[in-house]
Number of protein chains: 2
Amino acid sequence: MEIRITKNDAPKQKPDENNLGFGNYFTDHMFVMDYDLEKGWHDPRIEPYGPLSLDPSAMVFHYGQETFEGLKAYRNDQGNIQLFRVMDNLNRLNQSNERMCIPTLDVEAMFQGIKELILLDGDWVPSQPGTSLYVRPFVIATDPFLGVRPASTYKFLVILSPVGAYYKGGLNPTRIYVEEYYVRAVAGGTGFAKTGGNYAASLKAQVEANEKGYNQVLWLDGKEHKYIEEVGTSNAFFKIDGKVYTAPLEGSILSGITRNSTITLLKDWGLEVVEEKMTIQQLAEHHKAGRLEEAFATGTAAVISPIGVLGWQGEDLVINDNQIGEVSQKLYDTMTAIQYGKVEDEFGWVIQL
Amino acid sequence: MEIRITKNDAPKQKPDENNLGFGNYFTDHMFVMDYDLEKGWHDPRIEPYGPLSLDPSAMVFHYGQETFEGLKAYRNDQGNIQLFRVMDNLNRLNQSNERMCIPTLDVEAMFQGIKELILLDGDWVPSQPGTSLYVRPFVIATDPFLGVRPASTYKFLVILSPVGAYYKGGLNPTRIYVEEYYVRAVAGGTGFAKTGGNYAASLKAQVEANEKGYNQVLWLDGKEHKYIEEVGTSNAFFKIDGKVYTAPLEGSILSGITRNSTITLLKDWGLEVVEEKMTIQQLAEHHKAGRLEEAFATGTAAVISPIGVLGWQGEDLVINDNQIGEVSQKLYDTMTAIQYGKVEDEFGWVIQL
């Protein structure tokens with residue numbers, strides 16, 4: 001595949017690496033491909049980062065036909081750039097695309113686009129500890145048409161954002177509100193897909209949890225409002241009596257790549273991992289009996305996010321004395337060490353650019 | 001409220017009124033307002049219809065924070081333009097906005113924008129029988145930011161599309177597939193809101209139903225996959241033994257304005273309307289016993305859409321001999337007569353511009 005490159009004549013000044021935050025800054029270029037029924041996906045190109053010009057009737061504005069992915073590029077100790085499990089992200093984008101009736105993309109083509117884009121904007125990959133370059137591939141439906149049906153034209157884009165360390169000064173346990181009213185997803189719906197509607201649906205509960213003094217919500221299943229599903233936009237894990245539990249992938253939960261890496265590492269360390277449904281009632285009983293040793297969420301942004309408090313039915317269940325657990329810390333240290341190339345990658349997760 | 005108007009210097013040629021279809025053509029102008037945290041909703045203006053320029057990181061492309069409405073303007077027999085239940089649509093837009101964490105808009109301001117826009121593009125309101133001007137107000141989140149939280153900047157737009165007669169040559173009964181796997185919405189989710197994610201989630205089932213030879217799907221509830229909810233993007237009604245049944249508004253179903261008009265008319269005619277949950281099993285039993293007299297869907301686009309066949313578990317249940325029922329026809333005739341100003345509007349539904 002040949003990628004047409006139009007260089008940005010007016011590169012931006014790079015932001016202060018110590019104050020990047022998340023998703024605030026974007027690099028000088030973006031990768032773009034178009035889809036139409038006649039040509040399929042075509043015209044792969046790198047262009048100066050800049051606004052999209054879309055008809056106000058473009059379907060993405062009305063019917064939310066959109067998918068995305070999120071992954072990170074890291075500057076390793078040798079100064080080179082490496083990606084973590086990028087192929088898994090690209091395969092998952094196609095799973096999301098299938099659910100949302102968006103034509104799938106060639107994984108190798110997407111990878112090549114991402115690679116060339118990152119290499120062109122390589123100076124934007126930050127090197128301060130904990131920083132990285134967030135990579136956001138996404139697809140939007142662009143037909144200027146108001147009927148409800150799958151679009152026949154799409155755009156695939158990749159944009160890059162240098163992002164700061166998620167935790168300044170070590171892992172920080174979060175306060176999580178158990179959400180018993182609002183629902184994020186249900187089996188038969190789109191919960192396993194990374195599509196805008198799932199995130200839009202989650203905002204209200206997040207805002208209300210924040211108002212109650214919590215950082216995020218723990219989602220329960222949409223059918224019975226009792227089985228534990230996810231934490232915010234992350235997968236949830238619980239260490240109980242030495243074993244580690246997480247919700248099974250049954251259609252309403254995102255198949256997190258950090259979830260998968262977590263399970264792989266835990267098993268590698270000889271820990272038992274149980275992918276089984278658990279009710280919030282059961283979890284509370286384990287907590288009451290002193291068996292709930294650690295709780296944490298996993299995701300690309302934070303890697304591992306320890307849960308210090310679960311707010312449920314008016315009570316705050318404090319987990320592990322609101323301290324980071326041993327396994328949580330080890331997972332974070334190991335995963336980030338692999339991501340930054342500080343230890344050997346035994347799992348084939350890293351691709352050096 | 002003063003609306004700043006920039007006229008389009010290059011008005012388009014108007015399309016053939018006999019071949020409009022739905023949502024294909026747009027008029028010469030659009031109404032726009034912006035929102036930011038400091039000014040709230042501000043700068044109401046009418047501009048030439050044209051592309052939106054948005055940062056590729058604009059939140060609407062990633063997290064689907066978007067709402068919309070759909071209503072119609074009709075040219076009546078006196079040649080004037082009238083709107084049908086516009087205030088109900090605008091109030092519902094605010095209900096959708098609240099659910100999606102979008103700042104609500106002043107209903108009078110929206111109405112004024114719609115009115116001035118339609119009057120400016122008045123020549124675009126078609127006059128062929130059955131045609132109308134579809135009005136699409138919508139809101140999109142525009143922050144150039146990749147974090148998951150409610151946006152702090154939005155755009156409200158109104159675009160107009162002349163649309164053709166939905167039925168050419170009379171009402172046409174549809175073939176509807178009872179969807180038992182995919183789910184559109186669940187209580188606690190966003191089913192009652194007009195937001196992109198609901199429509200994106202519905203596409204897959206619609207495509208599969210089309211492949212099986214059906215026009216649309218009948219959605220069942222997300223919890224037990226047995227209670228009847230909606231048909232495609234319309235509300236569903238069933239006339240059984242002289243009474244008319246429809247699903248109650250319990251959070252997963254859109255509070256359709258045509259649904260409400262239908263109930264009002266039916267009651268006005270002395271028919272009993274029952275808003276109660278009904279299982280597909282119960283409906284099939286009524287059908288088997290010969291009690292299912294009519295079935296139809298209600299929505300802005302088609303007004304009344306008779307259901308001729310329900311495909312359920314491998315069998316086609318034929319309703320009313322695949323003919324339009326008497327009540328369905330009367331509802332369609334009455335509703336459209338009110339919309340086009342052919343009969344008196346006893347219900348205060350019509351506003352003349």
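**Entry 1. A hairpin in chain B**

I began with Trp312(B), which stands opposite Glu315(B) in β18(B). I then looked up the strands around this pair: β17 (residues 303–312) and β18 (residues 315–318) of chain B pair in the antiparallel sense over 4 bridges. I count two strands as paired if DSSP finds at least two bridges between them. Helices (H or I, at least four residues) and strands (E, at least two) are DSSP runs, numbered from the N terminus. β17(B) and β18(B) form a hairpin with 2 residues between them, and Gln313(B) in the turn has a positive phi of about 50 degrees.

**Entry 2. Conventions**

I note that this is a predicted model, in which local features need pLDDT of at least 70 and side-chain atom pairs count only at pLDDT 80 or more, while totals for chains, interfaces and linings use all residues. Residues are numbered from 1 along each chain as its sequence is written, chains are lettered from A and ligands numbered from 1 in the order in which they are written, and side-chain values use heavy atoms, with hydrogens and water left out.

I looked up β1 (residues 4–5) of chain A and found it joined to β3 (residues 40–48) of chain A by 2 bridges, the two strands running parallel. The bridge partner of Arg4(A) in β3(A) is Arg45(A). On β3(A) I also found β2 (residues 29–36) of chain A, paired with it in the antiparallel sense over 7 bridges. Here Tyr35(A) stands opposite Trp41(A), and a hairpin of 3 residues joins β2(A) to β3(A).

**Entry 3. The two domains of chain A**

I recorded domain 1 (4–163) and domain 2 (174–337) in chain A; such bounds come from an automatic or database domain assignment. The C-alpha centres of the two domains lie 28 Å apart. Their contact (heavy atoms within 4.5 Å) takes 19 residues from domain 1 and 18 residues from domain 2. Together the domains bury about 1,500 Å², 59% of it on carbon and sulfur atoms; buried area is the accessible area (1.4 Å probe) that two parts lose on being put together, summed over both.

Which three residues supply more than any others of the area that domain 1 buries against domain 2? I found Phe68(A), Arg92(A) and Arg99(A), with 39% of that area.

On the domain 1 side, β5 (66–68), β6 (71–75) and α2 (86–99) of chain A each supply at least two residues, and α2(A) gives the most, with 6 residues.

**Entry 4. Chain A against chain B**

I turned to the contact of the chains, which takes 60 residues from chain A and 60 residues from chain B. The chains bury about 4,900 Å² between them, 64% of it on carbon and sulfur atoms.

Which element gives the most to the side of chain A that touches chain B? It is α4(A), with 10 residues.

Lastly I examined β4(A), which 3 bridges join to β4 (residues 52–54) of chain B, the strands running antiparallel. In this pairing Leu54(A) stands opposite Leu52(B).
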